[in-house]
Amino acid sequence: MSGFVSSSYVVKVSVIGIGMRSHAGVAAQMFKALAASGPITLGDLAKKTEVTERYLGEWLNGQAAGGYIQYDAASKKYSMSEEQAFALADEDAPAFITGG
């Protein structure tokens, strides 16, 4: 036995993560939706983007941990600063780095 353990949860989260990284348009759409929404809860953003809440939450938490977006624990809302939105959600910005 190789010692490799498979988990459908890990596979799903990994596929979502790979999709976000390898298909920049997916990440760009999520950043745009977040920037357009202002502070928003996970549930509301999931409804708006039609992405499963569980997987979107994993992605959002990773982005917040990396400093790409903001998370306010008191209100349980995600948001983006003007600078973050400029670089990650504004296609017309000279600093737009997400692609699409």
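**Close-up views of a predicted model**

**View 1. Leu60 and its contacts.** Leu60 touches Leu34, Leu42, Leu45, Ile69 and Tyr78, leaving aside residues up to four places away in sequence. Contact here means heavy atoms within 4.5 Å. The model is predicted: local features need pLDDT of at least 70, side-chain atom pairs count only at pLDDT 80 or more, and totals for chains, interfaces and linings use all residues. Residues are numbered from 1 along each chain as its sequence is written, and side-chain values use heavy atoms, with hydrogens and water left out.

**View 2. The largest nonpolar core.** This core has 19 residues. Phe31, Leu34, Leu56 and Leu60 have the most contacts inside it. The elements giving two or more residues are H2, helix H3 (42–49), H4 and helix H5 (82–88). H2 gives the most, with five residues. A nonpolar core is a set of buried Ala, Val, Leu, Ile, Met, Phe, Trp, Tyr and Cys residues joined through side-chain atoms within 4.5 Å. Buried means under 20% relative accessible area, exposed over 50%, and partly exposed in between (1.4 Å probe, protein chains only).

**View 3. Helix H4.** H4 covers residues 53–65. Helices (H or I, at least four residues) and strands (E, at least two) are DSSP runs, numbered from the N terminus. The 13 residues of H4 should span 18 Å at 1.5 Å a residue, and its end C-alpha atoms are 18 Å apart, so the two agree. The expected span is 1.5 Å times one less than the number of residues. Tyr55, Leu56, Gly57, Trp59, Leu60 and Gln63 are the buried residues of H4. Gly67 follows H4 and has a positive phi, near 85°.

**View 4. Two aromatic pairs.** A search of the whole structure finds two such pairs. Ring centres must lie within 6.5 Å; planes under 30 degrees apart count as stacked, over 60 as edge-to-face and the rest as tilted (Phe, Tyr and the six-membered ring of Trp). Phe31 and Trp59 have ring centres 5.0 Å apart and planes at 55°, so this pair is tilted. Phe31 lies in helix H2 (residues 24–37) and Trp59 in helix H4, so the pair ties together parts 28 residues apart in sequence. Both Phe31 and Trp59 are buried. Tyr71 and Tyr78 form a tilted pair, 4.6 Å centre to centre with 45° between the planes. Tyr71 is partly exposed at 39% relative accessibility; Tyr78 is buried at 4%.
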